[in-house]
Amino acid sequence: MSNAALIPESRLKRQWLKWRFHLSALLVLVPLGFMPAYFHDVSLDRGLQGLGERVIGQYPVGPWTARIAEWELHDPQRDGKAGYMKEITLAFCADCIDQVKAAYLRIGKPRSLRAAGSLLSGSPYRLFAEVRIPPGTTADDALWLTVEGWDGSVHQASIPLKDVSPSMIEWLARHGDKL
């Protein structure tokens, strides 16, 4: 007889042998609880969830077209020393995605490409930018979209702020002198 057969099995070892199957099943099931959030994030990256809470419209920019939307319908938020910011989303047409190198948003006409504004970033189907609201902004100002193509061409389009965000116009009426 061997010594291993003489040593009695501990209670802890018996419990482990009994429940290890259940623990392994739990390790398989726990990640399934996170799958809905994963699929939601993937659909955002593919552009299947839309652009935002309020789609502004479709605008031509040179040979391309862009759909623009407000990400959330709320007042502009203060972002430290940068001032007040508003989130805007944008999506180019399906044929345009491969032709566009970079896109920028800014309130007020840019002086040059170096001062084009906030760079849009994200997936090609939903690009995000936080647009800075400069002091002295009025309801008559415009949001300028600057698009640079891979061929080196630069095109611009202006969109009246009244069309971009009615909530921002109301906010400017209340707080415009305090910017």
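Buried means under 20% relative accessible area, exposed means over 50%, and partly exposed lies in between, with a 1.4 Å probe and protein chains only. Trp16 is partly exposed, with a relative accessible area of 48%.

This is a predicted model, where local features need pLDDT of at least 70, side-chain atom pairs count only at pLDDT 80 or more, and totals for chains, interfaces and linings use all residues. Residues are numbered from 1 along each chain as its sequence is written, and side-chain values use heavy atoms, with hydrogens and water left out.

**Whole chain**

Show everything as a cartoon. Five helices and 10 strands make up the secondary structure. These are DSSP runs numbered from the N terminus: helices are H or I with at least four residues, strands are E with at least two. Of the 179 residues in the protein, 35% are buried. A contact means heavy atoms within 4.5 Å. Among contacts between residues at least 6 apart in sequence, 57% join residues at least 24 apart.

**Stop 1: helix 2 and the annotated segment**

Select Trp16 again. Trp16 sits in helix 2, residues 11-29.

Now select residues 21-39. An unreviewed UniProt entry annotates them as "transmembrane region". UniProt positions follow the numbering used here, feature names are shortened, and annotations may be inferred rather than shown by experiment. Over residues 21-39 the chain is 74% helix and 0% strand, with the end C-alpha atoms 29 Å apart.

**Stop 2: the core**

Which residues of the largest nonpolar core touch the most other members? Pick Ile68, Leu90, Phe92, Leu105, Leu120, Leu145 and Val147, out of 30 residues. A nonpolar core is a set of buried Ala, Val, Leu, Ile, Met, Phe, Trp, Tyr and Cys residues joined through side-chain atoms within 4.5 Å. Center on Val147. Leaving out residues up to four places away in sequence, Val147 touches Val61, Trp64, Phe92, Val100, Ala102, Ala103, Ser153, Val154 and His155.

**Stop 3: helix 5**

Select residues 166-175. In this helix, Ser167, Met168, Ile169, Trp171 and Leu172 are buried. Their cover includes strand 2 (64-70), strand 4 (84-92), strand 8 (126-133) and helix 4 (161-164).

**Stop 4: the salt bridges**

A salt bridge is a side-chain nitrogen of Lys or Arg within 4 Å of a carboxyl oxygen of Asp or Glu. By this rule there are two.

Show Glu70 and Lys86. Their closest N and O atoms are 3.0 Å apart. Glu70 lies in strand 2 and Lys86 in strand 4, so the pair ties together parts 16 residues apart in sequence. Both Glu70 and Lys86 are buried.

Move to Lys101 and Glu148, whose side chains meet at 4.0 Å, N to O. Lys101 is in strand 5 (residues 100-107) and Glu148 in strand 9 (residues 142-149), so this pair ties together parts 47 residues apart in sequence. Buried or partly exposed: which is Lys101? Lys101 is partly exposed, at 46% relative accessible area. Glu148 is buried, at 14%. Finish on the neighbors of Glu148, among them Trp64, Tyr104 and Leu113.
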